[in-house]
Amino acid sequence: MKNVVAFSQVPVDQREIALIFDFDGTLAEDSTSAFARWKGVKDPQTDVYDWANKLIARGWDPPLAYLQTLRASVRKHNLPLIHKKDFVAFGTQFKVFKGVERFLRDLRKRFDTETKIKKAGLQLNYYIISGGVGDIIRNVSIARLFKEIWACEFHYDKQGWATYVKATVSFTEKTKYLFFINKGISGTQSRVSPYVVNVELAPEDRPVPLSQMVYVGDGPSDVPCMSIIQRAKPPGKTILVVGESGIHKSWEFLGRGRPVPAEYGKHGHARLVIEDAVMTIAESVADKRLADKEKYLEKKVGY
């Protein structure tokens, strides 16, 4: 029997503002490299990513390539095989960039207490769409602050050993999760009924308009999501976080998002730009909602 998804016939109240992050390089260092080092791989660049690039040159999808070489590298160096509890243990001690957790908490507090936004009944939700390993990211300290986390997944055998790749997230694949948010499809629902993303919904029936999204990323795999959000009418906001090496010079990023250093402290560039983007969209949506409400009330009382 096919999974059947019923969408409510009640008019959709588009009150959510979605702040969507990539993870590796955006909120933290590359978690896969860090995990490989934690497992005992001395040179993840050579033993995981350079090897993966050779597979990519032969037609492999990038996430499949690096996840495969991660497992193969562990075997190559005669290290203990990867177990689900390894990802969990590593995730619990993995540190995000300095200031990230405080920033997310402070932004939510400001959003929830701003008079106009509160009066308009808006909600702010955080999401992660990442090409990293889900069982690492879901165990990082900030994970509890996010409404949903979508990432690459391993299949585990009955003993918990990672046996093969179950799900990957990259490039246009990331846009699928963008539309899960757009159409109000929960994480649980997206996993048991993946085809539901294709259900046709009019713009006014989508709980989270693309124009009410802020997307923050750092790499080529984020470009499709950035492009979609930028083409929304009105457009949402896209922000390109850059590491110590400076602005990403790939032609793919030209005009894709405002580049800012990965600084999340009190006066950090990323913090200030992301907060400004969220609050700008929220205030615009609040103004419209309150104006529409006022017109409705005036009409009801005979003005």
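The largest pocket has a volume of about 770 Å³. A pocket here is an open set of points on a 1 Å grid over the protein atoms alone, where a 1.4 Å probe fits, with protein on both sides within 12 Å along at least five of seven lines; the volume is the space filled by probe spheres set on the points. The model is predicted, so local features need pLDDT of at least 70 and side-chain atom pairs pLDDT 80 or more, while totals for chains, interfaces and linings use all residues. Residues are numbered from 1 along each chain as its sequence is written, and side-chain values use heavy atoms, without hydrogens or water.

- Helix α11 gives the most to the lining, with nine residues.
- α6 (115-120) also supplies at least two lining residues.

**Sheet**
- Seven strands form an open sheet with mixed pairing, in the order β4-β3-β2-β1-β5-β6-β7.
- Strands are DSSP runs of E with at least two residues, and helices are runs of H or I with at least four; two strands pair if DSSP finds at least two bridges between them.
- β4 (162-167) and β7 (258-261) stand at the edges with a single partner strand each, so one side of each has no neighbour in the sheet.
- Neighbouring strands are turned by 25° against each other on average, direction ignored.
- Helix α3 (residues 62-76) lies across β2 (123-133), β3 (148-156) and β4, at about 50° to β3; axes are lines fitted to C-alpha atoms, for helices over the stretch in contact, and angles run from 0 to 180 degrees between N-to-C directions.

**Strand β1**
- β1 (residues 16-21) pairs in the parallel sense with β5 (residues 213-217) over four bridges, and Phe21 stands opposite Val216 in β5.
- β1 also pairs in the parallel sense with β2, over six bridges; Ile17 has Leu124 as its bridge partner there.

**Nonpolar core**
- The largest nonpolar core has 89 residues, joined through side-chain atoms within 4.5 Å.
- Leu19, Phe21, Phe23, Ile142, Phe146 and Ile274 touch the most other members.
- Helix α11 (residues 269-300) provides the largest share, 10 residues.
- Leaving aside neighbours within four places in sequence, Ile274 is in contact (heavy atoms within 4.5 Å) with Leu19, Phe21, Phe103, Val216, Ile239 and Tyr264.

Conventions. Buried < 20%, exposed > 50% of the residue type's maximum accessible area, 1.4 Å probe, protein only. 1 Å grid on protein atoms, 1.4 Å probe; cavity = no way out; pocket = protein on both sides within 12 Å on 5 of 7 lines; lining within 4 Å.
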